[in-house]
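The sequence and the structure come before my notes.

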Amino acid sequence: MKFFVDTADIKEIRDLAATGMLDGVTTNPSLVAKSGRDFFEVLKEICAVVTGPVSAEVTATDAAGMIKEGEKLTKIAKNICIKVPLTWDGLKACKHFTSNGTMVNVTLCFSAAQALLAAKAGATFISPFVGRLDDIGQDGMQLISDICTMYSQYDYFKTEVLVASIRNPVHIIDAALMGAHVATIPPSVLRQLINHPLTDKGLEVFLADWQKTGQKIA
Ligand code: E4P
């Protein structure tokens, strides 16, 4: 499973990239606003740190506008992935870009029907938002399961399932068990993945016992 980090915070991205766990980055207008940075500058910096796909979202709502913005965004770096919303215009823009070999992440997916359309538009990634579905009392992970099953019926669907709006480590494990290709994870949740009290306790005991031996390795 690939791990993308869901942030526009370059400090966090650098820190997590150093772990060797990062396969890409997703941003959205809200995350860019939160960073307080210039959109183009921050994307350029991110693309220099991470070699995998870096999603940059268009803000036009018509296909022609999305294509114009997307073309400008692709000039930032080779690993830019254009992010478009799941609308008819977004799907038209998706088809345009993927037909020309540019990666596209179709975002704001909340149903299997929408995911089917994105695959038919040749999307590189489909982003179903699990946390936002859970927030309104629906089962976000059931949607992931449905999309994974649906896509696996057709060899010619090349779209990867990118699980988005992740709120906790359980979302990631469940997504991995379902065979989802990618999880885009907030930095705080990615860091939680390593936690286990028995690891901490075990290490504490090993170190205390080692001290008693009075030995040194180096
Ligand atoms: C995905 O690309 C989105 O940026 C993100 O996962 C949305 O998550 P949120 O629901 O926590 O805002």
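I call a crossing left-handed if the near helix is turned anticlockwise from the far one by less than a right angle, and right-handed if clockwise. The model is predicted, and I took local features only at pLDDT of at least 70 and side-chain atom pairs only at pLDDT 80 or more, while totals for chains, interfaces and linings use all residues. Residues are numbered from 1 along each chain as its sequence is written, and side-chain values use heavy atoms, with hydrogens and water left out.

First helix pair. I found that H6 (residues 112–120) passes H8 (residues 140–152) in a right-handed crossing. Their axes (lines fitted to C-alpha atoms over the stretch in contact, with angles from 0 to 180 degrees between N-to-C directions) are 10 Å apart at an angle of about 40 degrees, and the two helices are therefore oblique to each other. For contact, meaning heavy atoms within 4.5 Å, I listed Ala 112, Ala 115, Leu 116, Ala 118 and Ala 119 of H6 against Leu 143, Ile 147, Met 150 and Tyr 151 of H8. By class, I noted nine nonpolar, no polar and no charged residues there.

Ligand. Around the ligand (a heavy atom within 4 Å) I noted residues including Lys 83, Phe 129, Arg 132 and Arg 167. I then looked up polar contacts (pairs of N or O atoms within 3.5 Å): an N or O atom in the side chain of Asp 6 is 2.8 Å from a ligand oxygen, and a polar side-chain atom of Asn 28 lies 2.7 Å from a ligand oxygen. For Ser 165 I read 2.7 Å between a polar side-chain atom and an oxygen atom of the ligand.

Definitions and conventions
Helix = DSSP H or I, 4+ residues; strand = E, 2+ residues; numbered from the N terminus. Parallel < 35°, antiparallel > 145°, perpendicular 65-115°, else oblique. Nonpolar A, V, L, I, M, F, W, Y, C, P; charged D, E, K, R; others polar. Polar contact = N/O pair within 3.5 Å; in protein donor to acceptor, adjacent residues only side chain to side chain.
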